[in-house]
Amino acid sequence: MIPFARPCGGALLVATLLSAARTPAASPAQFSDFSHAELRSLRGSRRSLHEELLFRGLRRADTGRAYESVRVFEDAAGRTVYFLSEGFENTNMRTNERYRLAFRIFGFAPGGQTLAQLSSPQQDASDSPYEGDIRENDPRLDEIRKAMQQGQTPPASIRLRYSGVRGDYLSFFDLDGREALFRYREDRFDRRAERRIAPIIAGQAYEVRGNFLGLLASGQWIDRNAAEFGGRLGIGDSTLVFEFVDARPLRLDQALF
């Protein structure tokens with residue numbers, strides 16, 4: 001078992017202690033590479049994250065379900081992660097020591113802390129990111145952006161993970177943690193639009209259909225027909241924006257709509 005870690009914002013994670021001798025065949029996704037918003041897009045997914053985290057001790061904390069006994073860790077940025085006790089039964093951990101963990105996010109505490117659980121070595125070895133829904137060879141948003149720079153039309157649908165509502169938009173993320181926005185209503189009085197998106201579940205993956213509208217760049221709206229559109233398309237901090245058509249769930253146990 002290797003000590004080491006860092007702080008983080010709140011969320012529940014599924015994790016596994018990794019032995020010092022174990023070396024993943026491929027470079028695993030690091031918890032520290034994701035912003036808090038991007039972590040929310042991973043909630044309930046099957047993606048396993050790895051990180052060296054600083055153990056802060058045991059605590060009874062509000063997880064949103066009840067006050068539960070959790071192990072408190074921090075990442076290097078000071079973000080807090082609550083781990084459920086499952087999987088730690090036979091481990092002796094010392095406060096302020098660092099440990100390399102493999103885990104999955106399943107939620108967030110009311111205070112914003114990430115909630116996690118250890119993943120088993122078998123799960124960690126067999127899982128590819130988002131196995132069973134979004135695939136590694138599915139187009140990423142940056143790839144779509146580059147294709148548009150070359151004059152290609154955006155695809156009619158994109159496989160993405162749903163994060164939540166942002167004003168008049170639905171927020172989705174790809175495997176790289178890049179965000180796309182889909183406008184689903186004209187204003188807050190559009191009750192029909194609210195009913196239409198009610199079945200969409202945060203953390204689940206969908207094949208999302210939409211018509212490309214333009215970009216949001218540093219809070220500025222840039223229409224796809226605007227003169228400056230081509231120049232801003234290659235800027236990494238801009239967000240692709242679509243008109244929402246529909247979303248087909250990629251998991252068969254979720255009802256279609």
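Hi everyone, let's start in the sheet: strand 4 and strand 6 (residues 98-108) run antiparallel and are joined by 6 bridges. A word on terms: two strands pair if DSSP finds at least two bridges between them. Helices (H or I, at least four residues) and strands (E, at least two) are DSSP runs, numbered from the N terminus.

Before going on, please keep in mind that this is a predicted model, where local features need pLDDT of at least 70, side-chain atom pairs count only at pLDDT 80 or more, and totals for chains, interfaces and linings use all residues. Residues are numbered from 1 along each chain as its sequence is written, and side-chain values use heavy atoms, with hydrogens and water left out.

Back to strand 4. Across from leucine 53 you will find tyrosine 99 in strand 6. Strand 4 also pairs with strand 5, in the antiparallel sense, over 8 bridges. There, leucine 54 is opposite glutamate 74 of strand 5. The hairpin of strand 4 and strand 5 has 4 residues between the strands, and in it glycine 64 takes a positive phi near 95°. Strand 3 (residues 29-30) pairs with strand 4 (residues 49-62) as well, in the parallel sense and over 2 bridges. In that pairing, glutamine 30 has histidine 50 of strand 4 as its bridge partner.

Now let me zoom in on one residue of strand 4, glutamate 51. Is glutamate 51 buried or exposed? With 6% relative accessibility, glutamate 51 counts as buried. Here buried means under 20% relative accessible area, exposed means over 50%, and partly exposed is in between (1.4 Å probe, protein chains only). The side chain of glutamate 51 reaches two backbone nitrogens: that of serine 32 at 2.7 Å and that of phenylalanine 31 at 3.4 Å. Both are polar contacts, meaning a pair of N or O atoms within 3.5 Å; within protein, one must be able to donate a hydrogen and the other to accept it, and residues adjacent in sequence count only if both atoms are side-chain atoms. Setting aside neighbours within four places in sequence, glutamate 51 is in contact (heavy atoms within 4.5 Å) with residues including Gln30, Tyr99 and Leu101.

The side chain of arginine 79 reaches the backbone oxygen of phenylalanine 31 at 3.3 Å. A polar atom of that arginine 79 side chain also lies 2.8 Å from the backbone oxygen of phenylalanine 34. Arginine 79 counts as buried because its relative accessible area is 16%.

Next, the charged pairs. Side chains of opposite charge can pair when their charged atoms come close. For a salt bridge, the rule is a side-chain nitrogen of Lys or Arg within 4 Å of a carboxyl oxygen of Asp or Glu. How many salt bridges does this rule give? The count comes to 14. One of them joins the side chains of aspartate 138 and arginine 159, at 3.9 Å from N to O. These two are 21 residues apart, with aspartate 138 in the loop between helix 2 (121-126) and helix 3 (141-149) and arginine 159 in strand 8 (residues 157-166). Both aspartate 138 and arginine 159 are buried.

Glutamate 243 forms a salt bridge with arginine 183, with their closest N and O atoms 2.7 Å apart. Glutamate 243 is in strand 13 (residues 238-249) and arginine 183 in strand 10 (residues 179-183), so this pair ties together parts that are 60 residues apart in sequence. Arginine 183 also meets glutamate 186 in a salt bridge, at 4.0 Å from N to O. Glutamate 186 counts as exposed, at 55% relative accessibility, while arginine 183 is partly exposed, at 25%. Elsewhere, Asp142, Arg145 and Arg178 are linked in a network of salt bridges.

Finally, the nonpolar cores. Such a core is a set of buried Ala, Val, Leu, Ile, Met, Phe, Trp, Tyr and Cys residues joined through side-chain atoms within 4.5 Å. The largest has 26 residues, and Leu160, Phe182 and Leu240 are among those with the most contacts inside it. Which strand supplies the largest share of this core? That is strand 11, with 5 residues. There is also a second, separate core of 20 residues, which includes Leu49, Val81, Leu101 and Leu118.
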